[in-house]
Amino acid sequence: MSTGLYVVLGIIVLLVIVFIGVYNGLVAGRQEVRNAWSQIDIQLKRRHDLIPNLVNAVKDAMAVEKAQLTAVIEARNQAVNARTPDEAMKAENNLTGMLRQLFALVESYPQLRSQQNVSSLMEELSSTENRISFARQHYNDAVQVQNIRVASFPGVLLASSFGFTSETMYQVPETERSATEAVPDVRLT
Amino acid sequence: MADRSATLYNTDFRRAIARNKRNTLILFVVLLLISAVVGYVVGWGVAIIELIWNLPAEQVDQLTAGAVLLDLFGPPRPGALMGAAILSGAGLIWGLITLSSGAEILASFAGARDANPDDPLERRFIDVISEMAIAAGVSAPRPMVIDTPALNAFASGSSPKRAMITATTGILAACTREELQAVIGHETGHVADYDVRYTTVVAAMAGVIVLLAHFLGNVAYWSMGWGGYGYRPARSRDERGASGARIALTLVVVVLLAILLVVAPLASRLVQMAISRQREYLADVSSAKLTRNPIGLIHALQRLEAGDTNIARTDSPVSALCIAAPKGAFLSGLFSTHPPIPDRIARLRNLGGIAVTELEMQAPQFPRDADAHPKGPWDTSTPPTHKGPWG
């Protein structure tokens with residue numbers, strides 16, 4: 001009798017430990033996804049702050065390209081002032097395209113590239129562009145890990161009753177995908 | 001690409017982290033045991049030699065070498081216990097120091113300094129580290145630089161928060177941004193899955209066992225000389241006969257200690273090799289996962305293979321951490337902590353079924369001859385002539 005009781009108690013303790021482990025795993029995964037998302041925002045903010053600096057640094061030498069520079073600033077302001085997430089995503093994607101064109105333009109001004117402040121701004125901004133895409137990539141990685149956790153055993157047993165749903169991946173818009181293949185390589189060396 | 005990458009890059013760092021934390025603990029215990037054994041034997045040696053010289057002459061004559069050696073396995077002598085306690089205590093303290101500031105210790109072993117953000121190449125290095133850290137979801141490691149034309153990089157530190165990534169000025173200048181990203185991706189992989197904790201502890205602890213063996217060797221040499229000068233003139237005919245036996249028995253003990261001092265560094269070297277080659281393959285996969293670009297790493301590895309990767313002597317504790325093993329040393333293949341670069345490239349080419357074509361394999365133009373670079377004081381392309389017994 002008492003042996004049976006111990007076995008039952010042991011099984012219950014084991015189940016509780018497994019439950020705690022799985023639950024904590026789900027919480028940690030969700031937190032990771034949220035952190036990854038906020039990291040994207042941090043990098044987008046950094047991009048918004050850097051663009052005016054670069055435009056200011058190059059505007060005298062690139063007076064001929066005034067229209068292009070204004071368009072970049074406008075795209076940047078649109079992104080900053082976007083209200084809904086959908087609007088923001090569209091504006092940011094537009095801005096990505098504009099920045100690529102701007103980089104290509106600056107590349108064609110050798111005297112600009114040799115200026116120290118311009119080249120360091122270019123490095124900073126192109127690194128920020130990389131950070132944005134890596135932050136998105138990390139977000140998708142985190143989402144993928146969490147979604148597998150939510151959908152597979154034993155997470156699936158707890159997920160729905162504790163409100164863990166599968167998260168949404170960040171999708172590169174169709175229009176940008178072809179542009180991604182042809183991304184200009186900014187070389188500052 | 002998206003579908004293939006979904007299965008290919010679905011590696012979770014957490015399992016690797018758990019494995020590395022466990023292995024670090026095991027390793028820690030093993031290295032403490034090694035130092036306890038060394039301490040025990042040395043302490044015993046000192047005690048037994050003292051005993052031999054203090055025994056009455058007629059007892060010394062009856063002692064045989066076998067009996068003396070068997071005493072090592074007999075009831076522990078206080079001196080032996082003290083030796084074990086001192087060395088394992090010292091090992092424990094050193095281990096804890098390693099865990100808290102192993103990265104700094106290794107950085108100073110390697111002669112690294114903080115990267116300078118005003119230098120364009122080092123700025124790029126700092127930026128690439130931040131980019132890779134974001135991709136891996138860890139805080140950015142501290143960027144360190146070694147001034148040498150040799151091509152190499154390594155990661156160290158007991159946790160991602162305390163990690164450092166060290167690169168040579170040579171590799172910073174030689175690599176394109178894409179290649180640098182792949183190299184840093186490899187190192188960030190080591191950081192994110194706690195390889196660095198394991199390797200840093202191994203490197204710093206194994207380094208100390210080697211140092212300790214050198215130190216004890218010197219002490220033994222010194223004390224033998226001292227023993228010779230200090231030995232008392234024989235008081236009688238009996239005593240004179242006994243001192244011959246005493247010297248012979250002392251020699252037996254000294255030879256045993258000498259063997260130990262050779263074996264201990266070798267044992268720690270074997271432990272160091274347990275920084276398995278598998279880790280390097282895994283870090284290569286991590287790099288591909290973080291950059292989504294195995295070709296960048298292939299090009300970087302080709303560059304490393306063509307260039308000079310010697311940043312330290314191969315038996316230096318740092319060498320096991322590097323992205324490419326410093327080459328050209330005696331027995332480097334046997335004792336190598338790294339798989340051969342062609343094998344790594346072959347695995348990268350076949351990663352997850354993405355066949356990399358010969359055309360993509362073509363690396364961008366780079367100088368094949370390392371002589372194109374100016375040689376600095378760090379250049380050791382001619383192998384050092386002085387080598388320890390284990391070269």
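How close do the axes of helix 6 and helix 8 of chain B come, and at what angle do they cross? Point 2 takes that up, after a word on the model.

1. A note on what you are looking at. This is a predicted model, in which local features need pLDDT of at least 70 and side-chain atom pairs count only at pLDDT 80 or more, while totals for chains, interfaces and linings use all residues. Residues are numbered from 1 along each chain as its sequence is written, and chains are lettered from A and ligands numbered from 1 in the order in which they are written.

2. Helices 6 and 8 of chain B. The axes of helix 6 (residues 120-136) and helix 8 of chain B come within 9 Å and cross at roughly 50°. Axes here are lines fitted to C-alpha atoms, for helices over the stretch in contact, with angles from 0 to 180 degrees between N-to-C directions. Helices are DSSP runs of H or I with at least four residues, strands are runs of E with at least two, and both are numbered from the N terminus. The two helices are therefore oblique to each other; angles under 35 degrees count as roughly parallel, over 145 as roughly antiparallel, 65 to 115 as roughly perpendicular and the rest as oblique. Residues in this contact include B:F125, B:V128 and B:M132 of helix 6 and B:L180, B:I184 and B:T188 of helix 8. Being in contact means that C-beta atoms, placed from the backbone, lie within 7 Å.

3. Helix 8 again, with another partner. Helix 8 (residues 177-192) of chain B also packs against helix 12 (residues 294-306) of chain B, at an angle of about 90° and with the axes 8 Å apart. That makes the pair roughly perpendicular. Among the residues making this contact are B:A182 and B:H186 of helix 8 and B:L297 and B:R303 of helix 12.

4. Strand 4 of chain B. Strand 2 (residues 142-146) of chain B runs parallel to strand 4, joined by five bridges, and B:P143 stands opposite B:I165. Strand 3 (residues 153-156) of chain B runs antiparallel to strand 4, joined by four bridges; there B:S156 has B:M164 as its bridge partner. Strands pair if DSSP finds at least two bridges between them.

5. Chain A and its side facing chain B. Chain A has seven helices and zero strands, and 25% of its 189 residues are buried. In the interface, 17 residues of chain A are in contact with 13 residues of chain B. Helix 5 of chain A gives the most to the side of chain A that touches chain B, with 13 residues.

6. Backbone spots worth a look. Most residues other than glycine have a negative phi, and most peptide bonds are trans. The peptide bond from A:F153 to A:P154 is cis, with omega near 0°, and A:P154 is in the loop between helix 5 and helix 6 of chain A. B:Y194 has a positive phi of about 65° although it is not a glycine; B:Y194 is buried, with 24 other C-beta atoms within 10 Å. B:R292 likewise has a positive phi, of about 55°, but counts as partly exposed, with 16 C-beta neighbours inside 10 Å.

Terms used:
Two residues are in contact if their C-beta atoms, placed from the backbone, lie within 7 Å. A residue is buried if 20 or more other C-beta atoms lie within 10 Å of its own, exposed if 12 or fewer, and partly exposed in between; C-beta atoms are placed from the backbone.
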